[in-house]
Amino acid sequence: MEIMQIAKKMPKKYNVFINKKHILATKMLHIKEGKTMMTKKGGWRGFFKKLYKYRVFLLMLAPAVIYTLIFAYYPMTGIVMAFKKYNYAGGIWGSPWNGLENFKFFFTSGQAGMVTRNTVLYNVLFIAVNTIIQIATAVLLTEIRNKHYRKISQSLMFLPYFISWVIVGVMAFNIFSSDYGFLNRIITYFGGEKISFYTTPKVWPFILLFFNVWKGIGYGSVMYLAAIMGIDTSIYEAAKIDGANVFQRIFKVTIPMIMPTTIILLLLAVGGIFRGNFDMFYNLVGNNGLLYNYTDVIDTLTFRALISSNNFGMSAAIGLYQSVLCFITILIANKLVGLYDKDYTLF
């Protein structure tokens, strides 16, 4: 229509040309519409053809999809327990509803604020320190020229990751015990007084941080090491020709180039900021009530509520509380990253 309106305003000698253009455009539109209709008619056929074509890949993907559906999505139906007074006779679906009583019990217990604060502060500390140390470790490993020494160092740093937290808890007891710990033996050997670590809450944030970093440094540095290995070596050569020293190459080339990987890993870590490492806290601290003010997190409180009182409803309510907070946190963090650079966002 727009073409014809323009044609009316133009001199007659151009009308033939405009009419030809209009006819051509109309034919193209009909062809396009015809293809669209054909696509719609043969949509299911094309879909099944693609299924058959990629059948091998889909079969390879099937176990992971089934595993995720069974162990990640199906358990979500248990959220209803947070709003029920659970009993063994009725089960999940037959137990009576009790509204928000489970949440009310949690928030009026006086522990909700403390465990939430501890969980968030510990995770912020772990994320910050681990990120810095893991990046530094990965950079140092890439700067080691002796391949054999580099492989041995990497293997030794990776070893703690495979040690169970139960074993780590025993190791910590043998180190910090006031009666049998070798740290107190060293202190008394040099004339000092024993320190009762298991009755001194203020030292435990540092102890927990040490073991968290020690156990995760090898596995965490692998991610950054892989990102560094993917950097084009010609960039380093150009920087070296321009006179950049080792530190300048690290801070001007390496760090900026691995920034996308760093931000993605930080976003994934922030998504679990309201989830404490239950294995670490429980095996290192145990049921030591003297340390709860400094070491109790949401996960350990949930475990004690479930074991001591068999309160499945409250445990489910706390778990839902954690999940909602984690979901909100990852949305906010992803949005803030998107304001800085949309290419770094998760979604």
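**View 1. Crossing of helices H12 and H13 in the predicted model.** The crossing of these two helices is right-handed. H12 covers residues 233-241 and H13 covers residues 246-257. The two helices pack at an angle of about 160 degrees, and their axes are 10 Å apart. Angles over 145 degrees count as roughly antiparallel, and H12 and H13 are therefore roughly antiparallel to each other.

**View 2. Residues at the contact of H12 with H13.** On the H12 side, the residues are Ile235, Tyr236, Ala239 and Lys240. They meet Arg249, Val253, Thr254 and Met257 in H13. Sorted by class, this contact has five nonpolar residues, one polar residue and two charged residues.

**View 3. The aromatic pair of Phe47 and Phe48.** The count of aromatic pairs in the model comes to 30. In the pair shown here, the ring centres of Phe47 and Phe48 are 5.6 Å apart, with 70 degrees between the planes. This arrangement is edge-to-face. Phe47 has a relative accessible area of 42% and is partly exposed.

**View 4. The aromatic pair of Phe210 and Phe211.** The ring centres lie 5.2 Å apart. The planes of Phe210 and Phe211 stand at 75 degrees, so the pair is edge-to-face; the cut-off for this class is over 60 degrees. Phe211 is buried, at a relative accessible area of 2%.

**View 5. A cluster of aromatic residues linked by ring pairs.** Phe210 and Phe211 belong to this cluster, together with Phe173, Phe176, Phe197, Tyr198, Trp204 and Trp214.

Notes: Residues numbered from 1 in each chain as written. Predicted model: local features only at pLDDT ≥ 70, side-chain atom pairs only at ≥ 80, totals over all residues. Heavy atoms only, no water. Axes fitted to C-alpha atoms, helices over the stretch in contact; angles between N-to-C directions. Helix = DSSP H or I, 4+ residues; strand = E, 2+ residues; numbered from the N terminus. Parallel < 35°, antiparallel > 145°, perpendicular 65-115°, else oblique. Left-handed = near helix turned anticlockwise from the far one by under 90°. Contact = heavy atoms within 4.5 Å. Nonpolar A, V, L, I, M, F, W, Y, C, P; charged D, E, K, R; others polar. Phe/Tyr/Trp six-rings, centres within 6.5 Å; stacked < 30°, edge-to-face > 60°. Buried < 20%, exposed > 50% of the residue type's maximum accessible area, 1.4 Å probe, protein only.
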